[in-house]
Each structure stands twice: as C-alpha cells, then as structure tokens.
2 protein chains.
Amino acid sequence: MTFSARMAQEILRKKSPVLVGLDPRWNSLPEILRRNVDETDLPAVAEVFRTFSCRILDVVAPHVACVKPQLAFFEAIGPAGTLVLAEVIQYARKKGLLVILDGKRNDIGSTAAGYATAYLGKDSPWGGDALTVSPYLGEDSLQPFVDAAEKREAGIFVLVKTSNPGGGMLQDLSVDGKTIYQRVADWVEEKSASHAAIHNENYGCVGAVVGATYPEQLAQLRERMPHTWFLVPGFGAQGGTADDVMAAFDANGLGAIINSSRGIIFAHARKDFAGKFADADWEKAVEAATLEMVAQFQEMYT
Amino acid sequence: MTFSARMAQEILRKKSPVLVGLDPRWNSLPEILRRNVDETDLPAVAEVFRTFSCRILDVVAPHVACVKPQLAFFEAIGPAGTLVLAEVIQYARKKGLLVILDGKRNDIGSTAAGYATAYLGKDSPWGGDALTVSPYLGEDSLQPFVDAAEKREAGIFVLVKTSNPGGGMLQDLSVDGKTIYQRVADWVEEKSASHAAIHNENYGCVGAVVGATYPEQLAQLRERMPHTWFLVPGFGAQGGTADDVMAAFDANGLGAIINSSRGIIFAHARKDFAGKFADADWEKAVEAATLEMVAQFQEMYT
C-alpha cells in the first residue's frame, strides 16, 4: 500500500490528523524522569529519552495516526542517542503508528540516495515511513528521494514554506512574479500529481512542509498543490490555531497532518495546565493535550 | 585556538589544501575488503567501513590537513554505521586531522542548536571541527549554528553555490540583480567578517560551500567574500580542475580547501591507474592519488 493510502487509512480510522512531534530535550523533560540522572552521562540520558519517547507513544497511539521523531535531539546526545532513535522508531511502528522522520536531509546524487536508503521504508535500516527533505540543492538533489519514496512505498516532505519568521529570507523572494517557495511548491506538486495518477489516488508520495503561522499562504498553497500532503508545523506553541490550518484539508479531512511537539509532549509544563496534573502524572497531561488537539479537528470526520 | 586559525596552521604545516572526503559506499570499496562479507549484515558492513575509513586516514594524515566524513553513507547502514562514524571521527582527530562533518543539517531555533550541540567542537558528542549547513530555512536557522561555532571554536560551511547541475534551480534565480546564492554569500560573509575582526584573523568561522564546477562564479564569490573559508567540492570526478579552483585561494594559499572523495578513496578503481596497483595494494593507490592532488597545489606553499 502506498504511503499516501496508509496515511489516509490511519487518519480516517483514528479520526485524527494530529502529528505528534517527538523532541526529547533534556531540560524540558518531566523532572521525575530526570531525577538522579547525570546529564553528562549520555548513555543514561539516552535511556531516559527512550523511556520518555516510548511512554509518549503508549499514550498517543490510540489517538493519532503518525508521529515525528526530530532527529536533531537524538543526534545531540551522540551515538547513544541514535541507537535509541532506532528503537523508538521500531516501537512506534509496532504500535501501528506511521513514522515521519524529521531530519531535513539534503544532498546530491548518490549521497541523497544514501539518505533515502537509510530512512525510507519499513525494510530500511532505520525504518521510517517518510522523511523531511530540504530543497536548496535543487531538483537533482530531490529526485533521488522521490525515486526511493515511490519504490519503497514511503513518502517525503519537502520544505516549502516554513513556520519560522526568518524563513522569508529566501523563501519569499519573488522572481518573475513567483516566489521561491511557490517554485518549490510547483515542483513538488508535479511529482506528487504524477505519482497520484499512477496509483489512482488523490495524493502522491511527495509532500510539502507548510507552516501554520502563515495561514494565507497555506490556503494559497492548498489551491496550488491539490495532490500534495501537507505537513503543517507551527501549531500551538508557535502560534498557529485550528482555524489557521483548516484550509489545508480536503472535504474528507485528508491532505494534511498538523504537528504539535511541545504542546503535547511537554504538556506537564503548559501554563494552562498548571495545577491540574501532579509531576508523576505527566502522561495524563500528554493524554489531555492530545485529546484536546484531536477534538479541534474531530468535526471533519463525523 | 579558533577553527580558522587551526585550519590555516594545518594547511601551511602540511602544505596542502586538500580535503579528503570519506564516502564509504559498499559497491565501490576494494574487493579485498568486501570478500566473504554479507552486505545485508549491517554490523559486518559497518566493521568494513571502519577498517576502510581508518586505513584511509592512516594513508592521508601526513599529506592533508582535513577530512570530510559524509554522514549519509554512515547513516545509510543504520545505527551500526553511526557508531562507526563516531569512532572514525575520533580516530581522525587522534591523527591530528581537522574533521569537517558533511551532514548538510538545517532546522530552526532550538532544533538547529541541537544539531550544533551534536557535532560542533571537540567536546561535543560526535566531536567535529566543522559541519556543513543548508540555508533554505533562512537566517534564524543559520544563526544558532554560527553562535555555537563561535562559542566552541568550531566552524560551519553554509551551502552557497553547489557543484551539481540542478543547483541552479533555486540558487541562480535573480532578485533585484542579486542571485539567491549571492544573498546567502553576503549573509555568510557578514558573519564571518565580524568573527574574523573580533579575533584579528583573516577569516571567520562561517565558511561557504562553493563548487569547483562553476569557476567563474567561484572567482566572483572570492571577491565578494574576502573573510570566508571556501569548501570546494566538485574537483576531480565531478570535473573541476586545479586551474578552476585557483581563484579560491589568497596569496598565502589559504582561504579554501579543495575536496576530493572518489578520486582519492576509490583510487584503486580509477581508469588512469589501471594496472598500476594490485587489488591488495589499494592503499598505495590512495596514497598516489593523494600525492598527485597535493602536488597540483604545492606551488602556493613554496
């Protein structure tokens, strides 16, 4: 089954377009997990990352279709972190979750193919269902990822219009009436449309990262990219609301997944949750935050 | 000592601006190393990657200042590959080589800082001297890398004008008479110049990747970026010659490092070396290729 078909199936089954970002950051973890652990002992920190991530997966698996481990935070603690990353990916798959690896990889030719070999598909060494990819190197850097995604029934999400304020430095520059991000968007849509047509599906395997923090551009890009899955960061902690991202969805509640990282995984520290959960009950805070976010999109699936 | 000062010191000491790329690709390795190894047994493959990489380092260490492990090829074989990568980095450092990690990382805010924490500086978990970085996400994605590089006496190399034919898709687009790559170049130069001034040095810690395959743009970028180290890919196998890259250097033979990967590490398979080395003598081929390349630049240091 294609990545796109699996995405659609799981989103409809769980009635939830929520994508939970797994960003294990030492200083943000519940105090109860960090207690008595020396933060300079990286294998011990990795062990905590594993516990934290797997318990998050236990909590969110019934409620969301997909999760997004952020590779940077696992790599940040060295080789011990990458070993735990591999285990977390496998654990998520066992829980029936689609795993989108947020690595923003990019390179050319056989090197790009190396990254694709690493991360794309259940038989790859890391076992991701999809990978985020950065487009600065151009089309011959993106094509190897597209080819691998098609072949391995996996997906990629190309950075198009990102959620950060500085993203405009290059992305918003306009050449002949067309911004840089629109050019990347058109390339992605063309690839995804042709893949969608081959499989007689609504969406292809080449997705786009489009931030929630620019709702107007998000709506315009939806028009421009009818066959492209959107991975939408910037919801919650970064300021994006459910209203801001509604335009990303089609009439069936498909076509987009909305990421929340901090707002869910570090829910124990949310100001609006203050006093509601004991420190030992951090998983209950995660569950409450997940259900709250899922509820904001539930109407689409009734 | 700053990254820039260490680079200058080692290049002058070795009289060599050659940067050897470590790209362990299974099918390209000397047959003698692959014999009796099952390529689906990834820990066994990782072991071969380690042997291959460390023996390359033994051969090239007397002749070059720096090496560039390509993270994609280590990640391509899963967690076992990343463990070997960590060992290879440490081995290179022990040999007195500067280690430039080619990961083309990019992300925003604290996630970018996560990558910087991972890879930059001798006390980081991976222990790189520098990291390649991709600029599509804009200035607030680059600044955390710049900050970490300055703080940790490390460097970064931002993709500016890459060596691949498709690089022009975005990089060559011109807005108000200034291409995208020139805009990235100006940002990099500003950061590097200010860092250079603080330390009273000629170059700063924010370098640029500028391909050998576009010699005209290379020369123009040198003019435009007088305080920026260039990492120049595209030499040799990709078609760039010593003449093509001479403009990258200052009068002291500094300011640039010229990368060769395949042409050196897979020298045993070079057509112009055919019949010269027995398969078991692949390290002699590596040494010959290294010396041949170093010789092309030696005049600058006499």
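Start by selecting helix 9 (residues 180-199) and helix 10 (residues 215-224) of chain B: in this predicted model, the two pack at an angle of about 35°, with their axes 10 Å apart. Turn the view until one lies over the other, and you'll be looking at a right-handed crossing of helix 9 of chain B past helix 10 of chain B.

Now show the side chains there. On the helix 9 side of chain B, pick B:Tyr181, B:Gln182, B:Ala185, B:Asp186 and B:Glu189. What do they meet in helix 10 of chain B? Their partners are B:Gln217, B:Gln220, B:Leu221 and B:Arg224.

Next, zoom out and bring chain A into view. How many residues of chain B are in contact with chain A? Select 57 of them in chain B, and 57 on the chain A side too. Between them, the two chains bury about 4,500 Å², and 64% of that is on carbon and sulfur atoms.

Polar partners cross this interface as well: 31 residue pairs are in polar contact between chain B and chain A, counting pairs with both residues at pLDDT 80 or more. To see where chain B does its touching, highlight helix 6 (residues 109-119) of chain B, which gives the largest share of that side, 7 residues. By class, the side of chain B that touches chain A has 29 nonpolar, 19 polar and 9 charged residues.

Time for some charged pairs. Side chains of opposite charge can pair when their charged atoms come close. Across the interface of chain B and chain A there are 4 salt bridges. Select A:Arg105 and B:Glu75 to see a salt bridge between their side chains, at 2.9 Å from N to O.

The last stop sits inside chain A. Over all chains, the structure has 36 salt bridges, and one to pick out joins A:Arg6 to A:Asp129, with the closest N and O atoms 2.6 Å apart. Follow the chain between them: A:Arg6 is in helix 1 (residues 3-14) of chain A, while A:Asp129 is in the loop between helix 6 (109-119) and strand 4 (130-133) of chain A. That pair links distant parts of the chain, 123 residues apart.

How values were computed. Residues numbered from 1 in each chain as written. Chains lettered and ligands numbered in written order. Predicted model: local features only at pLDDT ≥ 70, side-chain atom pairs only at ≥ 80, totals over all residues. Heavy atoms only, no water. Contact = heavy atoms within 4.5 Å. Buried area = accessible area lost by both parts, 1.4 Å probe. Polar contact = N/O pair within 3.5 Å; in protein donor to acceptor, adjacent residues only side chain to side chain. Helix = DSSP H or I, 4+ residues; strand = E, 2+ residues; numbered from the N terminus. Nonpolar A, V, L, I, M, F, W, Y, C, P; charged D, E, K, R; others polar. Axes fitted to C-alpha atoms, helices over the stretch in contact; angles between N-to-C directions. Left-handed = near helix turned anticlockwise from the far one by under 90°.
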